[in-house]
Amino acid sequence: MRVYNFSAGPSMLPLPVLEKVQKQLINYEGCGMSVMEMSHRGKQYMEINAAAEERLRKLMNIPDSYAVLFLQGGASLQFAAIPLNLAATHKKTDYIITGNFAKKAFQEAALYTDAFAAASSADKNFTYIPQIDAKTFRKDIDYAHICYNNTIFGTRYDKTPNVGKVALVADVSSCILSQNFNVTDFACLYAGAQKNVGPAGTTIVIVRRDLINNPMSICPNVMRYKTQDENDSLYNTPPCFTTYVASEVFAYVESLGGISAVEKINVRKASKLYDFIDNSAFYANNVEKPYRSIMNVPFVTPSKELDEKFVKEAAANGLVSLKGHRLVGGMRASIYNAMPEEGVDALIAFMKKFESDNA
Ligand SMILES: *Cc1c(COP(=O)(O)O)cnc(C)c1O
């Protein structure tokens, strides 16, 4: 039996995609081998790689003036690749600190640039998103960096901030494909695959092509966006299998009606859960309402003991990985695209029962 898996990542994949991958696993489209075994220089994989890019471009409406890269190393490697590629001119970067990943990105940029925390929500334990605009930033920065959805703290930007002419870079690891983005509002968007896109191993980078011609001289070749773009992400061996699965997820999202259709479902799923929490005297979520994430929903019961009991009993009922991040405690329900609405309904039903048993 498959469980409802509320893990923050790696997380659930759509069952129809898993079934298709299973069907194709040992003999991909009659070629006599699996995608895991084929050369990344062969015709089959080149087609998979091209289809992945084409599907993502269509889904997210990405113009040709942006490169779309499928790389290794996770979002964490991009924390370094971004300053190394995009900050050679002034070596000066501004970061908005809205949680743990934003802070890690900032600390990594500080290794290579004059990095500055231009705003932060640490004063209220990252339960909101600071208001920012063009005036938030220093003069002559190469870019400003935000983390759009804060996976650990359950916050997100309610809209893309208007930063004027400042080049905006966004970590969208836990919200890519969950809501519409206007790609041209950004200089660069990047995301590890393992939340909304596919298995861990592929990292997506969407970056304005006019910005990638001037990496720092110390930037490793394999991390150079220009090099990877010129080689269609095949400069070195790419994460073949995970990119293939990601591409199947792209096709699946398209079949559901694209990102707008999926976003509607996501908003409905999240609203149900928040409404239930807000109407209960037993559960609480303390994120300021406009900034509540539609992907990651942290919540607590009245005590740590009950939190622990909740996580244990939920798992016994097929609702797994609900333990909150160690920085926040309590519970966290990650309800990414692949979490069916029935999973959220099952969680709410369990929460009701747990409340009546323990209140
Ligand atoms: C998970 C996550 C990361 C880290 O991704 P890795 O692939 O483990 O490097 C970075 N940023 C955000 C917003 C995340 O959710």
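Which helix and strands are among the elements that cover the buried residues of helix 4? This tour begins there, after a word on conventions. The structure is a predicted model, in which local features need pLDDT of at least 70 and side-chain atom pairs count only at pLDDT 80 or more, while totals for chains, interfaces and linings use all residues. Residues are numbered from 1 along each chain as its sequence is written, and side-chain values use heavy atoms, with hydrogens and water left out.

**Helix 4**

Select residues 100–109, which form helix 4. Helices (H or I, at least four residues) and strands (E, at least two) are DSSP runs numbered from the N terminus. Within helix 4, N100, A102, A105, F106 and A109 are buried; buried means under 20% relative accessible area, exposed over 50%, and partly exposed in between (1.4 Å probe, protein chains only). The cover over these residues includes helix 3 (74–86), strand 3 (92–97), strand 4 (114–120), strand 5 (143–147) and strand 9 (188–192).

**L327**

Next, select L327, in the loop between strand 12 and strand 13. L327 is partly exposed, its relative accessible area being 40%. Leaving out residues up to four places away in sequence, L327 touches N100, I152 and F153, where contact means heavy atoms within 4.5 Å. L327 and I152 are 175 residues apart along the chain, yet their C-alpha atoms are separated by 7.8 Å.

**The nonpolar cores**

Now select L56, M60, F137, V172, L177, I206 and F250, the residues with the most contacts inside the largest nonpolar core, which has 56 residues. Such a core is a set of buried Ala, Val, Leu, Ile, Met, Phe, Trp, Tyr and Cys residues joined through side-chain atoms within 4.5 Å. Helix 6 (residues 240–255) gives the most to this core, with 7 residues. Centre the view on L177: setting aside neighbours within four places in sequence, its contacts include L56, L59, M60, N196 and V197, and also F250, I259, V262 and N337. A second, separate core has 34 residues, among them F79, A88, V207 and M223.

**Helix 1 against helix 6**

Show helix 1 (residues 15–24) with helix 6; their axes come within 10 Å and cross at roughly 130°. Axes are lines fitted to C-alpha atoms, for helices over the stretch in contact, and angles run from 0 to 180 degrees between N-to-C directions. The two helices are therefore oblique to each other; angles under 35 degrees count as roughly parallel, over 145 as roughly antiparallel, 65 to 115 as roughly perpendicular and the rest as oblique.

Finally, select helix 9 (residues 341–358). Its buried residues include V344, L347, I348, M351 and F354, and their cover includes helix 7 (258–278) and helix 8 (304–316). Helix 7 and helix 9 pack at an angle of about 5°, with axes 10 Å apart, which makes them roughly parallel. Residues of helix 7 in this contact include I265, L273 and F276.

K272, also in helix 7, is partly exposed, with a relative accessible area of 29%. Apart from residues up to four places away in sequence, K272 touches E341, D345 and I348. The tour ends with a distance: K272 and K43 lie 46 Å apart, C-alpha to C-alpha, and 229 residues apart in sequence.

Technical notes. The expected span of a helix is 1.5 Å times one less than its number of residues.
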